[in-house]
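Here are my notes on the model you sent.

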Amino acid sequence: MPKTIKKLAVLTSGGDSPGMNAAIRSVVRTCAYHGIECFGVYKGYEGLIEGDFKRMDARSVKGIINKGGTILKSARSKEFRTVEGRQKAYKQLIDANIDSLVVIGGDGSFTGALIFNQEFGFPVMGIPGTIDNDIVGTSHTLGFDTALNTVVDAIDKIRDTASSHNRLFFVEVMGRDVGHIALNAGIAGGAEEILIPEEDLGLDRLVESLNRSRKSGKTSSIVIVAEGDKIGKNIFELKDYVDDNMEGYDVRVSVLGHMQRGGPPSCFDRVLASRMGVKAVESLLDGETNYMVGLLNGKMELTPLDNAIKGKTKINLELLRVSDIMST
Ligand code: ATP
């Protein structure tokens with residue numbers, strides 16, 4: 001392996017996701033393994049601009065593989081969106097003799113990394129950390145699996161109370177642009193309906209379907225609604241509509257919110273983060289830049305950052321069909 005880098009910086013940016021710490025640990029330890037000096041950057045691009053770096057060795061990342069959030073903190077930096085801000089960040093890196101950067105974040109963070117590389121030729125590598133699973137070039141983003149388990153656990157608990165009181169629950173989950181969390185957790189939690197941004201079921205069809213479920217003997221129902229669903233303006237309006245147009249159910253709403261981002265990462269996310277960290281550092285060592293590491297067909301693969309930030313991943317249509325059949 002040709003040694004092209006000596007000092008590497010790693011940061012977490014955008015929304016946090018479970019598995020980010022495991023990825024930081026992996027980057028730091030892979031650096032230690034290859035004799036590369038590693039620096040953690042606090043608060044994402046904000047810390048890059050301020051020169052808020054900390055030298056990290058293999059022992060600095062002990063006891064974090066099982067922790068949610070990110071020990072490096074995350075932020076959304078307005079200043080990094082400006083040329084002046086990025087110029088400051090570049091100067092900080094050069095002053096510290098840092099020669100490569102690993103960015104753990106979502107597509108916004110990758111867009112910033114790509115622009116930074118195009119302006120200053122600075123080597124960058126992305127690790128996809130977001131619970132939404134919406135990034136092209138990986139079947140799983142870091143945190144998606146953990147978030148699914150969190151949501152399924154919540155649905156199981158909500159179902160206990162729903163079935164005890166003949167209630168219909170609308171449960172809102174994260175997913176402004178894509179319905180991966182809603183669709184997968186909905187199937188796993190046995191939801192009667194799943195409303196996602198990619199599909200507009202229509203209010204009348206929703207009521208029809210719930211009435212059908214009721215006639216078939218169901219005494220309680222759970223409808224999973226992705227944040228970005230297009231059927232109604234918001235989940236409370238959905239509830240009002242169903243209240244006005246259906247009889248026999250006590251309709252309730254539960255918005256799961258930020259708890260979906262938290263908690264210890266699942267085994268899958270810990271392993272994925274460990275693999276991604278190794279691949280990111282070793283790809284930079286190989287002289288690769290402007291890529292995102294991802295899981296494709298079980299293998300670690302590189303996808304050019306400009307492809308990774310183009311569009312969102314599509315939902316699996318087979319899952320939609322499975323969900324329809326399961327709600328019979
Ligand atoms: P999430 O999926 O959780 O939203 P994200 O990485 O997409 O994560 P963003 O807030 O979109 O989160 O982006 C994170 C940061 O990346 C921004 O605060 C900004 O500093 C930087 N960034 C995003 N877009 C650009 C851009 N076009 N130019 C420069 N920097 C950008």
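Which polar backbone atom is 2.7 Å from an oxygen atom of the ligand?

1. The atom belongs to Ser-77. Please keep in mind that this is a predicted model, so the contact is computed from predicted coordinates.

2. Gly-15 places a backbone N or O atom 3.0 Å from a ligand oxygen. Asp-107 uses its side chain instead: a polar atom there lies 3.1 Å from an oxygen atom of the ligand. The ligand taken alone exposes 620 Å², and the protein buries 85% of that area.

3. The shell around the ligand has 17 residues. The closest are Arg-76, Ser-77, Gly-106, Gly-108 and Ser-109. By type, the shell splits into 10 polar, 4 charged and 3 nonpolar residues.

4. Which element gives the largest share of this shell? Helix H4, spanning residues 107–120, contributes 6 residues. When you inspect the site, the ligand is found in the space that forms the largest pocket.

5. On the overall fold, the protein has 11 helices and 11 strands. Its C-alpha atoms fill a box of roughly 70 × 35 × 30 Å along the principal axes.

Technical notes
Residues are numbered from 1 along each chain as its sequence is written. This is a predicted model: local features need pLDDT of at least 70, side-chain atom pairs count only at pLDDT 80 or more; totals for chains, interfaces and linings use all residues. Side-chain values use heavy atoms; hydrogens and water are left out. A residue is near a molecule or strand if one of its heavy atoms lies within 4 Å of it. A polar contact is a pair of N or O atoms within 3.5 Å; within protein, one must be able to donate a hydrogen and the other to accept it, and residues adjacent in sequence count only if both atoms are side-chain atoms. Accessible areas come from the Shrake-Rupley method with a 1.4 Å probe; for residues, only the protein chains shown count as cover. On a 1 Å grid over the protein atoms alone, a cavity is a set of points where a 1.4 Å probe fits but cannot get out, and a pocket is an open set with protein on both sides within 12 Å along at least five of seven lines; lining residues have an atom within 4 Å of a point. A molecule sits in a cavity or pocket if more than half of its atoms lie within 2 Å of its grid points. Helices (H or I, at least four residues) and strands (E, at least two) are DSSP runs, numbered from the N terminus. Ala, Val, Leu, Ile, Met, Phe, Trp, Tyr, Cys and Pro count as nonpolar, Asp, Glu, Lys and Arg as charged, and the others, Gly among them, as polar.
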